[in-house]
Structure formats: C-alpha cells, structure tokens
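Please keep the structure open beside you as you read.

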Amino acid sequence: MVIRATKSRRTAFFLTCDIVLFSLSIYFAFLLRFSGEIPDIFVDGMIYSGIVLVSLKIFLMWLFRLYKVPWRFFGLNEARKIFSVTTVSALLFFALFSFYEDFFNPFPRSVIIIDAIISALMVGSLRILKRVFLDFKKDKGGEPCVIIGSTSKTLQVLKGLKSGYADYYVSGIVDGRKDVVGTYCDGYLVGDKSELKHYITDGVKTAIIALKLAPNELKELYDELDEIGFKDIKIFSLLDGKKEGIADISIEDLLARKPKDLDSKVVENFIGGKVVMVTGAGGTIGSEICKQCLKFGCKSLIMVEHSEYNLYQINEATKSDPRNHLVMLNITHTKEFDDIFAKFRPEIVIHAAAYKHVPLCEFNPISAVQNNIFGTKNVIDLSKKYGVKRVVLISTDKAVRPTNIMGTTKRVCELYSLNSNETGKTEIVAVRFGNVLGSSGSVIPKFKAQIAANEPLSVTHPDITRYFMLVSEACQLVLQAASIAEGGELFVLNMGEPVKIADLAARMLKLSGKEELGIKFVGLRPGEKLYEELLIDENDVATKFESIFVTKSGSYDLDLLKSQIANLAGTSDEKSIEEKLKLIVPEFNHALNKE
C-alpha cells in the first residue's frame, strides 16, 4: 500500500508540473515570437493552441510511460522519449492546424517549433534536477570506498551509490591500465592502482571491484587488496543470476576455475534432439546435468530420482519444462526400472545416482553396496537390453586407491561399467572428478552453516586437501567427455591444484568478517583420506580438450565380476562386505581412522 501511494504521488506531481510547464512553454514561445509583447489578436489562438498542445503532450507522455519512471532512474533513454513526445506533438498539431486553420487563426506557425524546443528543455530539466543535485552534492554519508577499475560497471556503481543503493561514498577510482590512468570517469580523476596504500592511510577500508576478471585474476586482486589492508572487499556482479549489484566476494568466486576449453557446440551436437535419462536427477550433479541437457536441446528428459522432494525441486528449477518426465523410483528396483526403460527408450543415460557421503557409507556399508553397486549394475544391464547408444557413469576421485567403503563401491562401478562396454552398440564410459563447489553435504555449505551459527569451523586435519570445481563447469566437461567417447574410456577431469581445507576455512572466516570464531581440528573421520588422487600423470592420455584426460582402468573378467557382485548380495555382515570388496578391489586399504 505504501509503495502504491508513493507511485500515485509521484505521478500526480509530475503530471501537475508537466501541465504547468507545457502551458508556460506555449506562453514563452509566443513571447519570443513577438519579442516580448503578444498582440491581442493572437491571444485566442494562443489559448486554443495551448489547450490542444498540452493535451497532446500529456497523452504522449503517458503513452511513452514516462510517468512510471522514478527520478533516480531518469537517463538518456527517457530524455530521448521526451524529445520524441515534443516532436510528435508538434507534427500532430501541425496536421490539425492544416485541416482546421480557421479555428486557430491568426496563428504564427513558427511558434510550433519554438514551443517544441522550450517544452523539451523545461520538462527534461525538471526531471534531471534531482539527478544533478545528487551528482554534485558533497555530503559524506556512509563509509568511504575506492572503486577498482574504470569501466562501464564503474558508471553503474556510481549511479547506484548516488541513488542510495548502498551506504558508501566514493573517495576515488583507480585502475592498473596505463592508458586509463589520468582520464576522468564521471567526474573522478582515475588514479594508478599503486595509490591504493594512500587510501588505507586516509582511513578508506572498503574496495569495490568493478572489473570483469577471470577467477584466478580475481583471486590475485583479492589477495593484493587484502595484503594492502582493505577489510571490506566487494565486487559488482550478477546477484542471483538476474541483476547486477554490489555483493560480497564469495568463496566460490575465489575457487572457481573457468576452464578455457568448454565447448558448447560439441555438447549441443551430442545432446541435441536425443532422449536422455538422468539417474539421481535431483542431486547436486544430476540436477545440473538435467539443466544442461535441457539447455543443449534434448528431445525429452527422463528424470529418475528416489527422493520426492529432490524430484520436485529439479522440476521447479527447470520451470516444469514440457520435455521433463518425472520418475520417482529407486534404481535398485529392477522390475520397475525395466518398465521405465521399456516406456521411454532412452538414447543416452547419465548415471549420477549414488550415495557419496564417506562417513555415512562407512556407517551403512550394506546400503552403500546396494545403492551404488547394484544400482549401477541395473543401469548398465538395462541400457544394454534396450539398446541405449551411450551410458555415462559419474565417478569420483575417491575411487582411486580407495580407503573407504564409498570409494571402493564406486571403483567396482567403474570396473563393471567399463568391462561391460559394447563398442558400436552400447558404449559405456566413466568420468572421474573431485568435489564440486557447494554440493550438498560438502565442506563449504557446512562451513557456511557454522559461520551463521557463530561456531568455530570444524576441520578434520591441518594438512587435509581436496580438489574443487564449479558444478556447472564439471557437468559440461562430463558431457563434453561423453561426446568424444568411443566406449570403454575412463575420463579424468583436470581439477587444477588441490586446496588445503584449513586455508579454505581461514579464507571463509575472513570473507565473513568472523575470524574470531577460529578453526577446530577434530581428527580424520572413518574412511577419510588426507589427500585425494585423480591419477592425472605422465601415463594419462590427453584429449583434444586440455581439461579432459583418459586414464587406463584395467580389464577385469566380466563373468568373474558378476559372480563376485552376486556374492555381495547375500552378505549381511559388515566385516564380510569389506573382505568381499577387497577381493574385487585389492588396492582397497580401509582407513578406519579410529582414535
């Protein structure tokens, strides 16, 4: 109600002012035409023309929606609209005058042009009055800040700050580019980036980055600003993927890698026009795979998910796309799963359904084996039965020389998938990568929750490291790898350099301004590795994409593997499960990590 009242008051104010100004512009136009004294014979014509011109202009102002524009948003586009209003109204009036000349006579035609110019200037000046005042006012409300970069983003930041978007005022603008230093940006002299230390000396603690930077460049700039002494470092970027604004730098911003070899065309050619099935469709990986399959033009998308809520969420996130087919099913239920394959006949299957949380799988090894191994076996067997062209298994770095139940089950999945490959028929590949930023149950959401609760951050070991990649980038690389597969390959994504979790925790505390919470080391959890491995070494084969490698998986007798998996089915003793898994994966070295 308050917002509606404000809009009504604004409209009434501008409408009243415009009627007065348009009336005055007619009067002034006549005064100019007759050098300050209007002959009596022209007074009636002035009144009649004034009524018509004011009515035309007000109608056109309304038509151009100029009464919906707040003062602070008046800009060049609105100025052009006002010019159009006065020009069109002048032309329309001239047409009326041509047909009804006797009604207005005597009337000097030059007044039409003079009135158009005066009315545009007067009405435009009214609207820029407050903008001019804001641009030149010198009050120092809020905190001082320095803007890094002289770009179009900088102009948006300045416009936002002047309109009261954030409680800062600009002390200066700096840039590292020599060709920009010494120029003016909206009235501010752009200084060299080396001057940043002087701003700290003057008490400026906030820096706003208004540059488009690659993640590694942003990290370097953030570290530089932090070292200089800026306590509050912000960035002008997209908020919620919709509109731009001033935001805190997130840990995801600093860890993102942005691989240079992402090729949308390759993925589009692979996915476009195909019937695609995604298992685990509501999980972190599965949901992003679903979004990308829709984005790249799949014909239809069969979302298989056992969690009702997760399936609902991914359907909502994709705006209930008509290509979506929602299947609420546990993939270990063979008969029901068979019916789904028979009904939809998928051409591509992306298998992302798995239990992935290491400690939970340690506490529930029977469930881990059932879901991960038997679920994967169902996916592979049914894909071959129904002639699926390509199957993609989502694997993990924890399958490399596994030290836990989860990693070992995923290694068994790799062995079964890759040794079931039928080149030219059902081509099966696996893609192995590390942690994705912000995935459910991972360390970053956990740290965020602890920070929100004002608790110290729990880190298992001072030296523990992990690989990270943005989920969108990882999933596109998965699809890219699948597009170049011929069947039987184990692809490995280049995850870059590992990140020390203790350093990650310290940085998140700093970003949140809660360094006093500190870090608490709680000891390695059951099955947890100190360092994850991806097996990208000199023996791996590079593909045409620098972020994707092919590694050797090793052959395994499929009949023997089937019998060993069947033997697992009848096991209810946890110790026995561990022993039987070790028969399949001899390199499994269980790290119990017990105190």
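Helix α13 (residues 334-344) has Phe 337, Asp 338, Ile 340, Phe 341 and Phe 344 as its buried residues. Buried here means under 20% relative accessible area, exposed means over 50%, and partly exposed lies in between (1.4 Å probe, protein chains only). An α-helix has 3.6 residues a turn, so residues three or four places apart point the same way. On the other side of α13, Lys 335 and Lys 343 are exposed.

This is a predicted model, in which local features need pLDDT of at least 70 and side-chain atom pairs count only at pLDDT 80 or more, while totals for chains, interfaces and linings use all residues. Residues are numbered from 1 along each chain as its sequence is written, and side-chain values use heavy atoms, with hydrogens and water left out. Helices (H or I, at least four residues) and strands (E, at least two) are DSSP runs, numbered from the N terminus.

What do the buried residues of α13 pack against? Their partners are β8 (275-279), β9 (300-305), β10 (324-328), β11 (348-351) and α15 (365-385), with contact meaning heavy atoms within 4.5 Å. Just after α13, Arg 345 has a positive phi of about 50 degrees.

Two strands pair if DSSP finds at least two bridges between them. Strands β18 (residues 490-493) and β22 (residues 548-551) pair in the antiparallel sense over four bridges, and Leu 490 stands opposite Thr 551 in β22.

Now for the charges: the whole structure holds 26 salt bridges, each a side-chain nitrogen of Lys or Arg within 4 Å of a carboxyl oxygen of Asp or Glu. Three of them are listed here.

| Salt bridge | N to O distance |
|---|---|
| Asp 232 and Lys 234 | 3.6 Å |
| Glu 252 and Lys 448 | 2.9 Å |
| Glu 515 and Lys 510 | 3.5 Å |

Glu 252 lies in helix α9 (residues 251-255) and Lys 448 in helix α17 (residues 443-452), so this pair ties together parts that are 196 residues apart in sequence. Glu 252 is buried at 17% relative accessibility, whereas Lys 448 is partly exposed at 41%.
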